[in-house]
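I opened a new page in my notebook today.

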Amino acid sequence: RAILSLPFVSECAVIENRDERNRTYLKALVVLKPGIGEREASERIGERCAENLNKWTAPRSVVFVDSLPKTYVGKVDYGKLQSGQ
């Protein structure tokens with residue numbers, strides 16, 4: 001919700017990911033509205049997360065995507081996101 005409440009964010013999903021040491025961390029996948037660059041968006045998302053989330057619930061990485069996969073009822077398909085599709 002912290003990221004999705006930003007006015008330039010169209011959609012957002014946060015998933016668990018694993019690093020090279022097999023440690024779990026959070027990764028945010030963000031769809032931006034037109035009119036803002038990824039660099040500025042990344043900075044503002046980082047600020048928002050620092051203000052509203054602790055280090056365990058804040059995403060360690062933010063990836064900008066064109067769209068998020070959806071189920072047949074229009075909800076984000078987290079199964080596809082977790083599997084990397």
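These entries go from the whole chain down to single residues.

**Entry 1: the whole chain**

I noted at the outset that this is a predicted model. I then listed the elements and found two helices and three strands in the chain. Along the sequence, I read their order as β-β-α-β-α.

Next I looked up the overall dimensions. The C-alpha trace spans about 35 × 30 × 20 Å along its principal axes. I wondered how the radius of gyration would sit beside that of a compact globule. For 85 residues such a globule would have a value near 12 Å, and the chain's 13 Å agrees with that.

I also checked cover and surface. Of the 85 residues, 32% count as buried.

Residues 24 or more positions apart account for 53% of them.

**Entry 2: the strands**

I started with β1 and β2. They run antiparallel, and nine bridges join them. One pair I wrote down is Val9, which stands opposite Leu32 in β2. Another is Ile15, whose bridge partner in β2 is Lys27.

Then I followed β2 to its other partner. Four bridges join β2 to β3, and these two strands run parallel. Here I found Leu29 opposite Val63 in β3.

How many of the residues of β2 are buried? I found seven of its nine, so I wrote down β2 as mostly covered.

**Entry 3: the turn at Asn22**

I went to the hairpin of β1 and β2, where five residues lie between the strands. Asn22 is found in this loop. Its phi is near 70°, which is a positive value in a residue other than glycine.

Is Asn22 buried or exposed? I read a relative accessibility of 52% for Asn22, and because the cut-off for exposed is over 50%, Asn22 counts as exposed.

**Entry 4: Ile15**

Back in strand β1, I picked out Ile15. Its relative accessibility is 5%, so Ile15 counts as buried.

Which residues are in contact with Ile15, once neighbours within four places in sequence are left aside? My list has Tyr25, Leu26, Lys27, Leu29, Tyr78, Leu81 and Gln82. Lys27 on that list is also the bridge partner I noted for Ile15.

Ile15 and Lys55 are 40 residues apart in sequence, and their C-alpha atoms are 15 Å apart in space.

**Entry 5: helix α1**

Next came α1, which covers residues 38-52. Its 15 residues reach 21 Å from the first C-alpha to the last, close to the 21 Å expected at 1.5 Å a residue.

I looked up which of its residues are buried and found Ala41, Ile45 and Cys49.

What covers the buried residues of α1? The cover includes β2 (24-32) and β3 (61-64). On the other side of α1, I found Arg39, Ala50 and Glu51 exposed.

Cys49 lies in helix α1 and is buried, with a relative accessible area of 5%. Leaving aside neighbours within four places in sequence, I found Cys49 in contact with Ile3, Ala58 and Pro59. Cys49 and Pro59 are ten residues apart in sequence, and 7.9 Å separates them C-alpha to C-alpha.

Ala50 is found in helix α1 too. Ala50 is exposed, and I read its relative accessible area as 62%. From Ala50 to Ala2 I counted 48 residues in sequence, against 9.9 Å in space, C-alpha to C-alpha.

Conventions
Residues numbered from 1 in each chain as written. Predicted model: local features only at pLDDT ≥ 70, side-chain atom pairs only at ≥ 80, totals over all residues. Heavy atoms only, no water. Expected span 1.5 Å × (residues − 1). Buried < 20%, exposed > 50% of the residue type's maximum accessible area, 1.4 Å probe, protein only. Contact = heavy atoms within 4.5 Å. Rg over C-alpha atoms; globule rule 2.2 N^0.38 Å. Pairing = 2+ DSSP bridges.
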